[in-house]
Each structure stands twice: as C-alpha cells, then as structure tokens.
Amino acid sequence: MKVILSGGGTGGHIYPALTIADQIKKLQPEAEISFVGTQQGLEKDIIPRYGYKLQFIEVAGFKRSLSLDTLRSAAKLFAGLYDAYKIISNEKPDLVIGTGGYVCGPIVFMAALRGIPCCIQEQNAMPGVTNKILSRYVRKVFLGYKEGGKYFHGKAELEYTGNPIRSEILQHTREEAVKELGLDPAKKTILVSGGSRGARTINNAMLEAELALSGRAEVQVLHATGDVNYDAYMAEIKKRGGVADNIIIKPYLHNMPVALAAADLAVFRAGAIGLAELMAKGVPSLLVPYPYATANHQEFNARAVEAQGAAKVILDKDLTGDTVLEFIEHLLVHEEELQQMHAAAQKLGRPRAAEVIAKEAVALTKQ
C-alpha cells in the first residue's frame, strides 16, 4: 500500500501528519509512506528527520485581498496542480491524506479527481479555507473539534476524532515528571508557555504574577519565556528584586511531554495541538488565544474548551498580571473547582485520535 500525506507551513499541520503516518506504519508495516510539501514550509526541515520521503510542489497561499501577490499565487497554484499531477502519476498512491495548510490543496484535489481515496484532518474549531474547499472532493473529514463540523458543506462524511498527539505525551506519570524536573511533589505546578517562541503578553502578565507567588509554600511555576524573550525577562525579574526557587524560568522546555505530566494547571496559547495535549493529560488551563491567528481560529478553539468547563479564556488585550493572578489564586483556594476542570479536560481528551484516524483512513482503500 502506498500512502501520501500532505500538510505544511507550520508544525500544527506537520506533526499531526507525522503522527498519523506512524500509526499507519503500525497498522501496515509494509506501507510505503511519503510526504508532499513546499520548499518554503517547515516540513522541508522536519519531515526528513523522521525518515520519510518528501517531495515538493510549487504553491503559495492566497492573500485575502486582490493584489499582484494574488495573481502570483494563482500562477503558483496552477504550477502546484501540475506538480501534484506528476507526483500522483508517478507514485500511484492508494490513499492520500491532507492535514491542512495550502500545500495539501493541489495534491489532495488531483488525487480525488483520479478516484483515489482521500481524506483530510482539520485541527481547529474554525476550519482553514483549504480544508473547506477539499471537503467537497474527499471521502472523509476527521474533526479535531465537533464545533468545526458546521463549517463543512461538502459531500464528505464528518467524524469527530479529536486531534492526533505524540505518543510520548502519555508516557509519563506526574510522579516521574516531577522527579525528573526537580520539582516539589507537594506543590501545585503551574506550567506557562506561549509557544516555541514565547508570547510577550503572557510573559508580561506572568512577571507580575510570579513576583506575587514567589516564596509561596503551596505553589511552583515552570515558565518557558521563549528564547528571544528570556534575557530581557530575567533582567526585569532581577531589577524587581528576583524570585524564590519555587519560580523556575527557562528560555525553552525541550521535553514538553514531561512538563505536561507535571502540570496541575497551565497558562497557554490555544493552538489546536497544544490544546489536544493538555486535554489528553487532563490539565486545566487559562487560555490566551493568539489574536493574529488566521480567521481568529485560536479563540474558536479556546471557546470550545471553555464551554466544556476545562478552561477559562482571557483575550490577549485583557490579560494583565492581576487577571492571571486572580485566576491562579482562585483555583489554589478552591480545590474542588480545579478538580472539576481536570475531569472536564480528561473527558475532552482524545489520546487515541491518531490510531482512529489511521484505521479509518486505511479502511477507505478497501471500500
């Protein structure tokens, strides 16, 4: 069996595709799996590290207003369709899976036209434009959020599976993680991250909160500021008198699965895969959606989780040291609410999403 996966531009599209690929390999060890991406996306660096073949097409995203760039993108789209036609003709795949981003448009579309079983996986509660279009041609759409289903109007069958997460997310217990990170098992652990590059708004708010929580006996904070923000953050902390050893500040957390296992509460952005990992571990959260995400999809993700009682949402423009500290203080005092949020997060978790998607996608080839 030959399988092509495509999804790129950002890690949010690439890592779900890799996770699905790994599950297909477990189901069908003899499967030949390859990826299609662009030379400009992160897939160029990420996919080869996992040992999968990667082929490139020429395609670019469209601007939302008419301009010279739009015309250039249209030209690249036709080039991408031709590239995709050649790849499909040469590879003759039995299955094609798209995980979002404009790169998957040409390859999934051309495969569908040739009658090859195709499906897509949509990570967000507000679907991307490419997946909305492709849903009119593919056989199945795997939803990361139930709420995303109302935006698809194509012929495809919709199935809510949750988002694929890395298997290592589930490999650590809290006890193991706390020990590995050198934390105090008796204290509540607050995990703070604004993504791989950090988030200035979250950092600014946490600086005030961490100064207030410094030296507290019942709580510890593990905060990744992002590499580009770390030096300035630490300089400001030092200027303000420093913090006690219950406040641990790092530029980057290289082992996020361990950090998630140690967390009792999180302050996070609302990217789809980060949220899926939080839910799989049952971690209650304060979510601060990135305000410039395409179509504001992070707020849609965050609101969906908040509606189920697993998180509280504070918009970026409203986040202050006082608001984040009030949230933390409240849950430290009201343990029953923290546990209710934990249970709600666990209920939302879909740790077997990748396995389910792989099985259902492979089954399409036998219909």
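H7 passes H8 in a right-handed crossing, where right-handed means that the near helix is turned clockwise from the far one by less than a right angle, and the helices are DSSP runs of H or I with at least four residues, numbered from the N terminus. The model is predicted, so that local features need pLDDT of at least 70 and side-chain atom pairs count only at pLDDT 80 or more, whereas totals for chains, interfaces and linings use all residues. Residues are numbered from 1 along each chain as its sequence is written, and side-chain values use heavy atoms, with hydrogens and water left out.

**Exercise 1.** Describe the crossing of H7 with H8 and the residues that meet there.

*Solution.* Begin with the axes, which are lines fitted to C-alpha atoms over the stretch in contact, with angles from 0 to 180 degrees between N-to-C directions: those of H7 (residues 200–213) and H8 (residues 227–239) come within 11 Å and cross at roughly 35 degrees. Next, list the contacts (heavy atoms within 4.5 Å): Asn-203, Met-206, Leu-207, Glu-210 and Leu-211 of H7 meet Asn-229, Tyr-233, Glu-236 and Ile-237 of H8. Finally, sort this contact by class, which gives five nonpolar, two polar and two charged residues; Ala, Val, Leu, Ile, Met, Phe, Trp, Tyr, Cys and Pro count as nonpolar, Asp, Glu, Lys and Arg as charged, and the others, Gly among them, as polar.

**Exercise 2.** Which domains make up the chain, and where does the second largest pocket lie relative to them?

*Solution.* An automatic or database assignment divides the chain into domain 1 (2–165 + 351–364) and domain 2 (168–348). Their centres, taken over C-alpha atoms, are separated by 31 Å, and the contact takes 15 residues from domain 1 and 16 residues from domain 2. Because both domains give residues to the lining of the second largest pocket, this pocket lies between them. Helices H10 (272–280), H11 (297–307) and H13 (335–348) each supply at least two lining residues, and the lining divides into 10 nonpolar, five polar and four charged residues.
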